[in-house]
Amino acid sequence: MSRTGRRDTAPELALRRELHRRGLRYLVDTTPPGTNRRRRADVVFRGARVAVFVDGCFWHACPEHFHPPKANAEWWRVKFASIAARDRDTDASLAALGWYPLRVWEHVPAVAAADRVAGMLHARTPASRRGGPVTRGARPACPALS
Ligand SMILES: [Zn+2]
C-alpha cells in the first residue's frame, strides 16, 4: 500500500470543488516533482510548491475522532506508529526540496480547509506574480493596498 486509504474520498472531492470554485488550479493525487514517487499528495500546486494532504481521521489518528481498535491492539499500535512516522518523513523530504506540506483533517469543512490552502498559496506567491500591487520607483504604493 503506497498510500493510506483511497483517493477521491468525499472530503477530498469537497475540498477540490471549493478550490476550483475559487479559481485555483492544481494537480490531483500526484507526486510533487523531485520527491518520493510513492508518496502522493492529494492536491498539488506546482507554482507555489504546496502539497496538500487530506488526512483521514482514522488512519492518521486525528485527536478529535480517533479511537484505536480494541482487537489486535498491538498490531494496530505498530501500524499507526508507522503511518505517523511515514507522514513525518514525507513532510521532511518535501520541506527539504522547498515544498510546503499542508495537512488538513478530513473532518475540517471544505470552506475552512480551502481558506488554509488559499492563505498558504498567497503567502508563497510573490506579489508580482499574483498581479497585485508592485511598488515602482517614484510612485508610492497605495497604503490601502499594502
Ligand atoms: Zn477528525
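Biologist: Where does Trp 105 lie?
Modeller: Trp 105 is part of strand S4. Strands (E, at least two residues) and helices (H or I, at least four) are DSSP runs, numbered from the N terminus. This is a predicted model, so local features need pLDDT of at least 70 and side-chain atom pairs count only at pLDDT 80 or more, while totals for chains, interfaces and linings use all residues. Residues are numbered from 1 along each chain as its sequence is written, and side-chain values use heavy atoms, with hydrogens and water left out.

Biologist: Is Trp 105 buried, partly exposed or exposed?
Modeller: Trp 105 counts as partly exposed, because its relative accessibility is 25%. Buried means under 20% relative accessible area, exposed over 50%, and partly exposed in between (1.4 Å probe, protein chains only).

Biologist: What separates the C-alpha atoms of Trp 105 and Asp 55?
Modeller: 4.9 Å separates them, although Trp 105 and Asp 55 are 50 residues apart along the chain.

Biologist: Let me step back. How many helices and strands does the protein have?
Modeller: The count is 4 helices and 4 strands. Along the sequence they come in the pattern α-β-β-β-α-β-α-α. The protein has 146 residues, and 32% of them count as buried.

Biologist: Now the metal. Which protein donors does the zinc ion have?
Modeller: They are Cys 57 (SG), Cys 62 (SG), His 65 (ND1) and His 107 (ND1), at 1.9 to 2.3 Å from the zinc ion. Donors are N, O and S atoms within 2.8 Å of the metal (3.2 Å for Na, K and Ca); water is not among the atoms, so sites may look incomplete. Along the chain, the zinc donors follow the spacing C-x4-C-x2-H-x41-H.

Biologist: Why is the arrangement around the zinc ion called tetrahedral?
Modeller: Because the 4 donor atoms subtend angles of 102 to 120° at the zinc ion. Four donors count as tetrahedral if all angles lie between 85 and 135 degrees.

Biologist: Is Cys 57 buried or exposed?
Modeller: Cys 57 is buried, since its relative accessible area is 8%.

Biologist: What about the core? How many residues has the largest nonpolar core?
Modeller: The largest nonpolar core has 16 residues, and those with the most contacts inside it are Leu 15, Leu 19, Phe 45, Val 50 and Val 52. Helix H1 (10–21), strand S2 (41–45), strand S3 (50–55), strand S4 (100–105) and H3 each give two or more residues to this core. H3 gives the most, with 5 residues. A nonpolar core is a set of buried Ala, Val, Leu, Ile, Met, Phe, Trp, Tyr and Cys residues joined through side-chain atoms within 4.5 Å.

Biologist: Which residues line the largest cavity?
Modeller: Its lining is made of Pro 32, Thr 35, Asn 36, Arg 39, Phe 53, Thr 90, Ser 93 and Leu 94. Helix H2 (residues 73–96) gives the most to this lining, with 3 residues.

Biologist: How much space lies in the second largest pocket?
Modeller: About 170 Å³ lies in the second largest pocket. It is lined by 11 residues, and the closest to its centre are Phe 45, Gly 47, Ala 48, Leu 121 and Thr 125. Helix H3 (110–124) and helix H4 (127–130) are the elements that give two or more residues to this lining. Phe 45 is also among the residues with the most contacts inside the largest nonpolar core.

Biologist: Backbone next. What is phi of Arg 49?
Modeller: Phi of Arg 49 is near 55°, a positive value in a residue other than glycine. Arg 49 sits in the loop between S2 and S3 and counts as partly exposed at 37% relative accessibility.

Biologist: Where is Asn 72?
Modeller: Asn 72 is in the loop between S3 and H2. Phi of Asn 72 is near 55°, a positive value in a residue other than glycine. At 58% relative accessibility, Asn 72 counts as exposed.

Biologist: Last one: in which helix is Ala 81 found?
Modeller: Ala 81 is in helix H2. With a relative accessible area of 41%, Ala 81 is partly exposed. The C-alpha atoms of Ala 81 and Ala 61 are separated by 9.6 Å, and the two residues are 20 apart along the chain.

Conventions
1 Å grid on protein atoms, 1.4 Å probe; cavity = no way out; pocket = protein on both sides within 12 Å on 5 of 7 lines; lining within 4 Å. Points joined across faces, edges and corners; volume = space filled by probe spheres on them. Tetrahedral: all angles 85-135°; square planar, octahedral: opposite > 155°, others 65-115°.
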